[in-house]
Amino acid sequence: MSAGVDMAGGLRTAGSSMPGLEFLRTMAQSGLHWLVAIWIFAGGFVFMEPSPYEVMFLLVLPVALMTRVGVYRHTLKLFMLLVAFVPFALIAVFQVKYSEVSDALIYTLVTVFLMLTSYFVANYVADAPFERTRVIMRGYLAAGLLTAALGILAYLGLMPGRDLFLLYGRAKATFQDPNVFGPFLMLPAMFALQRVLLGSQFRAVWGAVLFGILFVGVFVTFSRAAWGYILISAMITFFLNFVLEANDRQKVRMLVLALGGTVLMVISLAGLLSIPAVADLFATRASFEQSYDTGDTGRFGRQGYAFELALENPLGLGPREFNKLRITEQPHNTYVNVLHAYGWGGGLVYWVLVLMTLWRGLKALGVKSPNRLLIIPLIATYIPLVAESAIIDTDHWRHYFLIVGMIWGVTGGYWRVSPLQKREGRPALI
């Protein structure tokens, strides 16, 4: 068995010509995309670790290897970051003093696993950006719509067992926390919004329905970060499509839609806030300063103390060790937490991953290609996510690493354009 490089820049392995292996490979190729869609769909159900997402990936990976999914030079740096991260992260595991080493090891292995999924997604998408992004978004959209519906119905008290999907009166759906559930809905919401802005009449109406469901799902999380997130992402999506992709006729329509959408949103919010229970919770959550934000042990005081500890411990404290010390809560700042959990070396690798992903996405925006329609929702979702990571821990968010992998994948295969894109140039969303 020998290895070769294809003309597109991918490293591929020349397989055996044995009929049995070829039959298995054909079967695997026919089922791979369905498995990927189901795997992504499973990312909407995160009650525990390991979650169904991890289990499904263990099915996807061998099938992908059997189909000889390409390994591309453009994603090599992502693999190098993963390799560089592992030794620092494992050293940090053995720095724990108040936690079990086994628990710390599991936490770190989950992080490594999620980084591996980014690398897999990057290569999977780079092989055929439009088609593969559409496969992923079908699974993601289905998960987003289902979880949004569960969250909305539970919050409104319209389903049995509603308490399973609520936390402190806020919708969390099939997640452990409303603050994770809300951001999970952002990527499909931005693809839906792009369809509203640039799609044909039917596609725009369908996109508006999808966006509306996802928007209400975000609203009932009563997460201040998620509210700001969807607003900023929507503004970035609108601006980039307006400046980079829309023709003159579409620009006029987008301005009309922006005005009409704003009015409709205000009316909808007014209707929701006419419900006393909703209005009371909204008034509480809309405050920019909550009791747990201030003081020495509040969110921001806690982050300062956490950063001081990080500077004093170059090998790290170990995963989840911080809340065993003077303060019983996590720092809720990913960029500080990675220094604790993975040491200075692992933290630096994580920072580099964030910066390189941003750079690849932003750089691609300056290059005209049908695949730029794929990058716009991705980067519009990723930029606020990077900012939100400064106030919440995102290093175990499955969809975070999925978005990272998709950005690397689309940019890695940026010049691979499908016949469908050449004909229509439409956004990759079902």
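Student: Hi! What kind of model is this, and how are residues numbered?

Tutor: Residues are numbered from 1 along each chain as its sequence is written. The model is predicted: local features need pLDDT of at least 70, side-chain atom pairs count only at pLDDT 80 or more, totals for chains, interfaces and linings use all residues, and side-chain values use heavy atoms, with hydrogens and water left out.

Student: What is the mean pLDDT of the protein chain?

Tutor: The mean is 86, and 86% of the residues reach 70 or more. pLDDT is the predictor's confidence in each residue, from 0 to 100.

Student: Where is confidence lowest, and where is it highest?

Tutor: It is lowest in strand β1 (residues 3-5), with a mean of 39, and highest in helix α15 (residues 398-412), at 97. Across residues 1-16 the pLDDT is below 50, and this stretch has 37 contacts in the model beyond near neighbours in sequence. A contact means heavy atoms within 4.5 Å.

Student: How many helices and strands does the protein chain have?

Tutor: There are 16 helices and five strands. Both are DSSP runs numbered from the N terminus: helices are H or I with at least four residues, strands are E with at least two.

Student: And how much of the chain is buried?

Tutor: Of its 430 residues, 53% count as buried. That means under 20% relative accessible area, while exposed is over 50% and partly exposed is in between (1.4 Å probe, protein chains only).

Student: New topic: how many aromatic pairs are there?

Tutor: A search of the whole structure finds 22. Rings of Phe, Tyr and Trp (its six-membered ring) pair if their centres lie within 6.5 Å; planes under 30 degrees apart count as stacked, over 60 as edge-to-face and the rest as tilted. One of the pairs is Trp39 with Phe57, which is tilted, at 5.0 Å centre to centre and 40° between the planes.

Student: What does the Trp39 and Phe57 pair tie together?

Tutor: Trp39 lies in helix α1 (residues 19-42) and Phe57 in helix α2 (residues 52-66), so the pair ties together parts that are 18 residues apart in sequence. Trp39 is buried at 1% relative accessible area, and Phe57 is buried at 1% as well.

Student: Which residues form a cluster with them?

Tutor: Trp39, Tyr53, Phe57, Phe113, Phe120 and Tyr124 form one aromatic cluster. Arg132 lies over the face of Tyr124, 4.5 Å from the ring centre. For a charge to sit over a ring, NZ of Lys or CZ of Arg must be within 6 Å of the ring centre and within 35 degrees of the ring normal.

Student: Which residues line the largest cavity?

Tutor: Its lining is Ile40, Gly43, Tyr53, Tyr140, Phe184, Arg398, His399 and Leu402. Helix α15 gives the largest share, three residues.

Key
On a 1 Å grid over the protein atoms alone, a cavity is a set of points where a 1.4 Å probe fits but cannot get out, and a pocket is an open set with protein on both sides within 12 Å along at least five of seven lines; lining residues have an atom within 4 Å of a point.
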